[in-house]
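Hi everyone, thanks for making time.

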Amino acid sequence: MDLFRSNMRKSASSKNIAKERLKLVLVHDRVNVSPTFLEMIKGDIIRVISDYMEIDEDSLEVKITKTKSDEGDTMVPALVANIPIKRMKGAAR
Amino acid sequence: MREDKPMGEVIVITSGKGGVGKTTATANIGTALAVNGKKVVLVDADIGLRNLDVVMGLENRIVYDVVDVMEGICRLRQALIKDKRYPDLFLLPAAQTKDKNAISPAQMQELCERLRQEFDFVLIDCPAGIEQGFKNAVAGADGAIVVTTPEISAVRDADRIIGLLEASELRNPKLLVNRVRIDMVKKGDMMNTEDMIDILAIELLGVVPDDESIVVSTNRGEPAVGDNKSMAGKAFNNIALRILGNEVPFLDLEVDEGFIIKLIKLISNKK
């Protein structure tokens, strides 16, 4: 099974790590977004959502990634927010 | 001066990051173009940190520099150094005791217009960075060559530079990947050309292997294209031929996966 292991090692080779890191960093570079800016968005999202549900602020994750556009194969930047909900508040029901 | 000669082409060689081989690329591509019968001038736009003169081995022949020309201290012709080893190869050195603010983009544009009337190719060696020196260097250019190495930092800066070139109306820059180590690419420890094209999404002009002969030729002040045994020299010569419109296949530096890995991929894809 050594052959398969060598194939697996390939996907985690350092050049692929470099490529993935580079892709991520370039998404930020290209849209010119600073980490502070993301923190501001994060703060505003928490403020709005907290009226309706109790969320886990520590595990809240906001990032900019690339995603395939609806038309065609081109990649477009997307704002992805992962917001774990603890409990719905009364007003939402 | 020749009459009704077509206007020459102004190409800036840039990278963003320092130390990726802009000056070496300028020296070698320029020399190769001259060897192929073109009249070429190399302009060192790295004012305050000039190096194209030493890489070309012409440092002892400098009397006037590009700032002297712009300030009217000498005529353009007086500042041009003729490389006696090659037909029609000239260097316009940078000033060493001034800084990037000694010239303006408008002055650079005017200089390029004058040079293109007399030369087939005007190659501008751009300083590292994205500040004044970069703005000066790109001001008069029709085309750009972006130099990068297969490192994450150099590719990131190349991406930034491509964006800035497009913002200054320099469309379709071409990529030169320098210092590729074939052994490391084969092991999967270095990004290959395809990876970089995939990320930067620009046209490839050439791939230059990491080659000790570049160090030796720079030590001697002789461009590597003059050395028939130099792999890097050959790669730079191919780049010059592509600039001249020839179709030259890229040197084979890409990963050879080998039979076993291909077989495994075939099997795992079928699942």
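I'll go through a strand, the core, one arginine and a helix.

Quick housekeeping: this is a predicted model, where local features need pLDDT of at least 70, side-chain atom pairs count only at pLDDT 80 or more, and totals for chains, interfaces and linings use all residues. Residues are numbered from 1 along each chain as its sequence is written, with chains lettered from A and ligands numbered from 1 in the order in which they are written.

So, strand E2 of chain B, residues 40-44. Strands here are DSSP runs of E, at least two residues, and helices are runs of H or I, at least four, numbered from the N terminus. Five of the five residues in E2(B) are buried, meaning 20 or more other C-beta atoms, placed from the backbone, lie within 10 Å of the residue's own; 12 or fewer is exposed, and in between is partly exposed. Val40(B), Leu42(B) and Asp44(B) point one way, Val41(B) and Val43(B) the other.

E2(B) pairs in parallel with E5(B), residues 121-125, over five bridges; pairing takes at least two DSSP bridges. There, Asp44(B) sits opposite Asp125(B).

Which residues touch the most others in the largest nonpolar core? Among them are Val40(B), Val122(B) and Leu176(B). A nonpolar core is a set of buried Ala, Val, Leu, Ile, Met, Phe, Trp, Tyr and Cys joined through C-beta atoms within 7 Å.

Now Arg116(B), in helix H5(B): it counts as buried because it has 20 C-beta neighbours inside 10 Å.
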